[in-house]
Amino acid sequence: MKLSAVELRRIRLPLVSPFRTSFATETERSVLLVRVLGTSAEGWGECVAIDEPLYSSEYVSGAAQVITDFLLPRLPSDVTARALGPAFAPVKGHPMAKAAVEMAVLDAELRGAGMSYAAYLGGIHDRVPAGVSVGIMDSIPELLDHVDGYLAEGYARIKLKIQPGWDLEPVRAVRERFGDILLQVDANTAYTRADARHLAGLDPFDLLLIEQPLPEDDLLGHAQLAAVARTPICLDESIVSARAAADALSLGACSIINVKAGRVGGYLEARRIHDVAMAHDVPVWCGGMLETGLGRAANLAFAALPGCTLPGDVSASSRYYTRDITEPFCLVDGLMTVPSGPGLGVSPIMDYLDELTESSQLVRL
Ligand SMILES: CC(=O)N[C@@H](Cc1ccc2ccccc2c1)C(=O)O
Ligand SMILES: [Mg+2]
């Protein structure tokens with residue numbers, strides 16, 4: 001497919017409530033969108049980076065610069081999503097920047113071919129169960145109110161953000177109040193190897209998993225923790241590629257993987273990680289980065305894959321936004337519908353997107 005131009009847009013969406021994790025408290029989502037203008041169709045991509053390099057080393061303005069200065073000049077003249085991995089390989093790192101471009105190219109390609117993301121990736125479900133991620137709160141009662149509300153909405157799984165000083169108590173309180181719901185925690189790398197015995201203190205609560213307790217480069221530490229704590233370890237930040245997934249599994253550093261296309265360079269690599277995990281008989285689930293409806297659509301397609309056997313962070317648009325830039329994704333009977341239209345199956349509501357656009361840059365090719 002020939003591309004005539006690529007547009008980069010910066011938008012800012014207020015969050016319905018502050019989202020507090022061990023690494024930041026966010027009240028809005030700063031988003032970099034990529035639109036590619038192809039001969040047969042246009043395509044949209046969403047970069048999952050946040051404004052500061054606090055989740056990983058990438059950040060929004062850095063990703064925008066990497067795309068314009070180093071990735072777009074490397075676009076093949078006849079571009080396909082599959083060709084971008086090799087074309088972008090000389091550029092070290094920057095998976096979120098690469099993923100945003102690949103997502104847009106794949107969207108244009110599939111719209112032109114009349115094929116959905118789910119069909120292309122190999123999705124087998126029309127609807128998938130949704131989990132929800134609950135931030136760190138100021139008090140236990142406030143946490144219980146939020147969890148109560150999400151369960152009432154029908155969420156199939158609750159994930160609590162934890163950090164030192166906010167872990168055993170909130171988990172105990174949720175278990176005691178809500179019984180044997182599907183419950184897991186996410187530390188976003190906030191602990192150290194010295195906390196192993198403390199984290200084993202979560203074992204009595206029968207959690208589905210503990211997500212990324214240690215730093216992203218500490219595979220050995222996670223393997224040592226797995227020998228001390230019974231709760232299955234799930235990795236997020238550590239799994240930056242299919243090779244990293246294979247190594248983590250072989251080292252016993254995790255037994256579940258949170259897959260985020262943006263973190264690993266795109267949906268093609270995400271699919272490879274899914275396949276590696278399935279080969280090890282290890283469950284994966286679709287992680288979330290507070291995406292708009294564009295990224296949410298692609299994530300739902302990924303969540304429909306056979307190896308995604310645990311509910312993902314594929315919450316409804318209303319979990320984060322009063323008004324999404326696409327038609328909102330809604331939770332019905334605890335399930336989210338997988339888009340079935342060509343490409344992403346959704347498009348931005350352009351007049352609303354224009355209202356939210358802080359800057360727009362058109363790069364002619
Ligand atoms: C749903 C969930 O927990 N996502 C990430 C953390 C995360 C990711 C991206 C964010 C963007 C803005 C504000 C907070 C964010 C938190 C995670 O699984 O680790
Ligand atoms: Mg996580």
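In which hand does H11 pass H12 at their crossing? The points below take up this pair together with other features of the model, which is a predicted one.

1. Helices H11 and H12. The crossing in question is right-handed, with H11 passing H12 in that sense. The axes of H11, spanning residues 267-279, and H12, spanning residues 293-303, come within 11 Å and cross at roughly 25 degrees. Because angles under 35 degrees count as roughly parallel, H11 and H12 are described as roughly parallel to each other. On the H11 side the contact is made by Tyr 267, Ala 270, Arg 271 and His 274, and on the H12 side by Gly 295, Ala 298, Asn 299 and Phe 302. By class, the residues of this contact of H11 with H12 divide into four nonpolar, three polar and one charged.

2. Ala 297 within H12. Helix H12 also holds Ala 297, a residue that is buried, with a relative accessible area of 1%. Once the neighbours within four places in sequence are left aside, Ala 297 is in contact with Phe 329, Pro 339, Leu 344 and Val 346. A further relation concerns Val 338, which is 41 residues apart from Ala 297 in sequence, while the two C-alpha atoms are 7.3 Å apart in space.

3. Helices H1 and H3. For H1 (residues 60-71) and H3 (residues 95-113), the axes come within 9 Å and cross at roughly 65 degrees. Since angles of 65 to 115 degrees count as roughly perpendicular, H1 is placed roughly perpendicular to H3. The crossing by which H1 passes H3 is right-handed. In this contact, Ala 63, Val 66, Ile 67 and Leu 71 of H1 meet Ala 97, Lys 98, Ala 100 and Val 101 of H3. The residues of the contact of H1 with H3 divide into seven nonpolar, no polar and one charged.

4. The magnesium site. Which residues coordinate the magnesium ion (ligand 2)? The donors are Asp 186 (OD), Glu 211 (OE) and Asp 236 (OD), at 2.1 to 2.2 Å from the ion. Along the sequence these donor residues follow the spacing D-x24-E-x24-D.

5. Positive phi at Gln 212. Although Gln 212 is not a glycine, this residue has a positive phi of about 45 degrees. Gln 212 is located in the loop between strand S8 (210-211) and helix H8 (219-228). Is Gln 212 buried or exposed? With a relative accessibility of 0%, Gln 212 counts as buried.

6. Positive phi at His 94. A positive phi of about 55 degrees is also found at His 94, again a residue that is not a glycine. His 94 sits in the loop between helix H2 (81-88) and H3, and H3 is the helix whose axis comes within 9 Å of that of H1. The relative accessible area of His 94 is 32%, so this residue is classed as partly exposed.

Technical notes. Residues numbered from 1 in each chain as written. Chains lettered and ligands numbered in written order. Predicted model: local features only at pLDDT ≥ 70, side-chain atom pairs only at ≥ 80, totals over all residues. Heavy atoms only, no water. Donors = N, O, S within 2.8 Å, 3.2 Å for Na, K, Ca; no water. Axes fitted to C-alpha atoms, helices over the stretch in contact; angles between N-to-C directions. Helix = DSSP H or I, 4+ residues; strand = E, 2+ residues; numbered from the N terminus. Parallel < 35°, antiparallel > 145°, perpendicular 65-115°, else oblique. Left-handed = near helix turned anticlockwise from the far one by under 90°. Contact = heavy atoms within 4.5 Å. Nonpolar A, V, L, I, M, F, W, Y, C, P; charged D, E, K, R; others polar. Buried < 20%, exposed > 50% of the residue type's maximum accessible area, 1.4 Å probe, protein only.
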